[in-house]
Amino acid sequence: MTDKPDLVIEPLGKKHNRAAFSCGTDELDTYLQRQASQDTKRRIARIFVIRSAADDQTILGYYTLSALSIDLSSLPSDLVKKLPKHPLPAALIGRLAVSTKSQGVGLGKVLLADAIKRTLALSDEIAVYAMVVDALNTDAEAFYQGFGFSKLDTATNRLFLPLKSV
Ligand SMILES: CC(C)(COP(=O)(O)OP(=O)(O)OC[C@H]1O[C@@H](n2cnc3c(N)ncnc32)[C@H](O)[C@@H]1OP(=O)(O)O)[C@@H](O)C(=O)NCCC(=O)NCCS
């Protein structure tokens, strides 16, 4: 569930109409349609969808969440000085997308907040140092930077946000 009573966030399930989802980026649509269920079954990713409380089939947006370890060499040197010298536990938002018709009304923000909230709850049981996201393009990077994410290293499209700073 979300803080907004008219919206529901729940794990991707059979009732959801994956075929109708379109966010303007083919790779993200195809993932939901062809790969997401398999990744869930194999425990490679958890997929959460957002929908209107009044319509349990139409997917308005989704994100994927997986465990990850961050290599210290990919972190900025000022941070590394204060950290143990081994890979750090993290949570990865591998994909996040909002359907074209629903973009620009805050759903991306709601999804990102849900992923962080879920990870924070989990990190009381299994430590998680940071949230990591894979940004597909410069637009996506700008979206995440708006929430305080910074580049993990210059060679990849990964950004991170230490949970301590949330
Ligand atoms: C990028 C995307 C997830 C944003 O979702 P959204 O629901 O449209 O975004 P929101 O309405 O929640 O916007 C939240 C904030 O991010 C900002 N924002 C949204 N898209 C942005 C962009 N492309 N660049 C910079 N900032 C952006 C908004 O201005 C808003 O800021 P505010 O709170 O200060 O007003 C969505 O546009 C999308 O799915 N795009 C296609 C797929 C994609 O590129 N996914 C990226 C992840 S790989």
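This is a predicted model: local features need pLDDT of at least 70, side-chain atom pairs count only at pLDDT 80 or more; totals for chains, interfaces and linings use all residues.
View A. At 1.5 Å a residue, the 16 residues of α3 should span 22 Å, and the end C-alpha atoms of the helix lie 22 Å apart, so expectation and model agree.

**View B. The buried face of α3 and what covers it.** The residues of α3 that count as buried are L107, G108, L111, L112, A115 and T119. Around the helix axis they cover an arc of only 145 degrees, which means that they sit on the same side of α3. Among the elements that cover these buried residues are the strands β2, β3, β4 and β5 (130-134), together with the helix α4.

View C. The shell around the ligand holds 23 residues, of which Q103, G108, K109, A140 and A142 come nearest. Two or more residues of this shell are contributed by each of the elements β4 (88-98), α3 (107-122) and α4 (138-145). By residue class, the shell around the ligand consists of twelve nonpolar, eight polar and three charged residues.

View D. Seven strands, taken in the order β1-β2-β3-β4-β5-β7-β6, make up an open sheet whose pairing is mixed.

**View E. The pairing of β2 with β3.** Strand β2 (residues 46-52) and strand β3 (residues 61-70) run antiparallel and are joined by five bridges.

**View F. The pairing of β3 with β4, and the burial of β3.** The antiparallel strands β3 and β4 are connected by nine bridges, and A91 in β4 is the bridge partner of A67. Is β3 mostly covered or mostly uncovered? The strand is mostly covered, since seven of its ten residues are buried, and β3 is also one of the elements that cover the buried residues of α3.

Technical notes:
Residues are numbered from 1 along each chain as its sequence is written. A residue is near a molecule or strand if its C-beta atom, placed from the backbone, lies within 6 Å of it. Helices (H or I, at least four residues) and strands (E, at least two) are DSSP runs, numbered from the N terminus. Ala, Val, Leu, Ile, Met, Phe, Trp, Tyr, Cys and Pro count as nonpolar, Asp, Glu, Lys and Arg as charged, and the others, Gly among them, as polar. Two strands pair if DSSP finds at least two bridges between them. A residue is buried if 20 or more other C-beta atoms lie within 10 Å of its own, exposed if 12 or fewer, and partly exposed in between; C-beta atoms are placed from the backbone. The expected span of a helix is 1.5 Å times one less than its number of residues. The arc is that of the directions from the helix axis to the C-beta atoms. Two residues are in contact if their C-beta atoms, placed from the backbone, lie within 7 Å.
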